[in-house]
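Trainee: Please take me through one part of this structure in detail. I would like to look at the aromatic side chains and how they pair.

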Amino acid sequence: MLRPLKTYQLVTDIVGAALFFAFFAIMVPYGTDGIFVGVLLTLGMSAALAVRRLSPALALGLAWASAILQMLFGLAPMPSDVAVFGVLYVTAAYGSRAVFWAGFVSSFVGAVAIAVYIVYLMPLLQGYAVSIGDIRELPSAILILIAAVFALLLAWTAGALVRTAARARANRAAQQRAESETVAEQERVRIARDMHDVVAHSLAVVIAQADGARYAAAADPAVATTALGTISTTARAALTDVRMLLTQLRHSQGDGPQPDLADLDALYDQVRAAGVDLRVDVHPVPGNDVPASVQLAVFRIVQEALTNALRHGGEGTVSVRLAWYADRVDLEVRSPLRPGSVQAEAPARPLGHGIIGMRERAQLVGGTFEAGPQGDRFVVSAALPMGVPA
């Protein structure tokens, strides 16, 4: 199996192998019967180096074929045999799982073959009388075996370390990509939540004003004109907010301006202009060190609660109570129930997106949230800590 390589990598390997062949072919002992085989073996080792990164399995096969051919012809170890170290390195660094372990096994099998060949087989092939059972040669065989195992396994281990480091880098990169995708998804969810709050509240105000203008148009045209002005102002403000959120969605690197406590008064004025009898009680008042995340959560929860009061509430006074303490802020919005409305039938009906969004707002800052009918009123309450959990 071939690995994908860049052009310069393939060219570098081929040129390096050519230089390797040119250098070590000169070291083949000329004037001997084995010169042709020696050059052929050098060529085989050079070919193994040329394809070592392209196909570690093929490189390992070429190295083994050259080594076996060398032993069959009874040739002594040659300088070109050092290519084996490079081949074992790539089997561990870039090979498949099977090639990885084949290189590991080759380190030991090759070491045994080297020891047996040098001490016993090569003298026999060269005409010397050596007995494999000769115990006098055993210390030499053991020393060669240890040295060969150490050298071959060292090359394989270096490749294994490179493989481990590459996998660690790949895992870190994958983790960073996953974290970036999670952050981006959280940002999209936040923007979608803001979009829902802005559009739902603005449409509720527009609908309330339009209904009031339709009923009052015949009796008092001035009221209708005022209502139309409120509709225009609310729609323009909503359009501005939506454009800002869409800009954030396109360019998520920068956060746009978010509502805070100073915007609550404008929100109250909008709701009162829609014909709601709204009463606001703030005690104790907020300090100067309220976290921005808590301010945004308070604004969005109050906004959604008032939007639900406009859409589903009955006739009567809507009350908002805010109590700012050193460690938390308590929030409560009470609105009259309209018989047959979604709020009146809660929790029999599934929760709507508005209530789910308010609960998420509270949970994001580590707070608690409750919403449901209490007697003839629908009550939204939340307790938000002043310190946002890490």
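Mentor: What follows is a close look at one cluster of rings. The model is predicted. Across the whole structure, a search finds 8 aromatic pairs. One of these is formed by Phe100 and Trp101, with an edge-to-face arrangement: the ring centres are 5.0 Å apart and the planes make an angle of 90°. The two partners can be set side by side by accessibility. Phe100 has a relative accessibility of 13% and counts as buried, because the cut-off for buried is under 20%. Trp101, at 42% relative accessible area, is partly exposed.

Phe104 and Trp156 make another aromatic pair, this one tilted, with 4.9 Å from centre to centre and 55° between the planes. Phe104 belongs to helix α5 (residues 97-125), whereas Trp156 belongs to helix α6 (residues 138-216), so this pair ties together parts that lie 52 residues apart in sequence. As for accessibility, Phe104 is partly exposed, with a relative accessible area of 27%.

Phe100, Trp101, Phe104, Phe108 and Trp156 are linked by ring pairs into a cluster.

Notes:
Residues numbered from 1 in each chain as written. Predicted model: local features only at pLDDT ≥ 70, side-chain atom pairs only at ≥ 80, totals over all residues. Heavy atoms only, no water. Phe/Tyr/Trp six-rings, centres within 6.5 Å; stacked < 30°, edge-to-face > 60°. Buried < 20%, exposed > 50% of the residue type's maximum accessible area, 1.4 Å probe, protein only. Helix = DSSP H or I, 4+ residues; strand = E, 2+ residues; numbered from the N terminus.
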